[in-house]
Amino acid sequence: MPTIEQLRVVHDLNEGDIAMPEPDMTYVVYPFDSLGFELPVTHVIRRGEFLYAVSAAGEERCIAGEGAKHAIRGRYVKRAKRPRKQR
């Protein structure tokens with residue numbers, strides 16, 4: 001299964017296939033005009049000739065294909081440091 005980072009074009013996924021985020025990454029979807037909101041992304045799915053970013057609430061935003069009006073960007077998740085063992 002490809003990861004979101006590996007997606008470049010619609011045909012990188014087969015119809016109905018999904019791409020998941022990489023470990024240590026979160027993604028948000030936002031409108032190209034940057035005047036809207038950011039929506040956390042759980043995965044990307046291909047439907048026909050389009051890729052959609054899907055939120056935990058099931059909302060879908062078109063991110064690739066003719067007429068797409070949204071984009072996604074990733075952010076590294078900072079992991080909590082493990083406490084050092086006491087000697």
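**Close-up 1. Glutamate 22 and threonine 3 meet through their side chains.** In this predicted model, the two side chains make a polar contact at 3.1 Å. The side chain of glutamate 22 also has a polar atom 2.6 Å from the backbone nitrogen of glutamate 5. Leaving aside residues up to four places away in sequence, glutamate 22 touches Thr3, Ile4, Glu5 and Tyr27.

**Close-up 2. Glutamate 22 is buried without a salt bridge.** The residue sits in the loop between β1 (18–19) and β2 (25–31). Arginine 8 is the nearest side chain of opposite charge, 8.1 Å away. A salt bridge would need a side-chain nitrogen of Lys or Arg within 4 Å of a carboxyl oxygen.

**Close-up 3. An open sheet holds four strands.** Their order is β1-β4-β5-β6, and the pairing is antiparallel. The edges belong to β1 and β6; each has a single partner strand, so one side of each lacks a neighbour in the sheet.

**Close-up 4. Strand β4 pairs with β5.** β4 covers residues 43–47 and runs antiparallel to β5, joined by five bridges. Histidine 43 has valine 54 in β5 as its bridge partner.

**Close-up 5. Strands β5 and β6 form a hairpin.** Four bridges join β5 (residues 50–54) to β6, and the two run antiparallel. Alanine 53 stands opposite arginine 61 in β6. Five residues lie between the strands, and glycine 58 takes a positive phi near 90°.

**Close-up 6. Strand β6 is largely enclosed by the rest of the structure.** The strand spans residues 60–64. Four of its five residues are buried, which is why β6 counts as largely enclosed.

Definitions and conventions:
Residues numbered from 1 in each chain as written. Predicted model: local features only at pLDDT ≥ 70, side-chain atom pairs only at ≥ 80, totals over all residues. Heavy atoms only, no water. Buried < 20%, exposed > 50% of the residue type's maximum accessible area, 1.4 Å probe, protein only. Lys, Arg positive; Asp, Glu negative; His and termini not counted. Polar contact = N/O pair within 3.5 Å; in protein donor to acceptor, adjacent residues only side chain to side chain. Contact = heavy atoms within 4.5 Å. Pairing = 2+ DSSP bridges.
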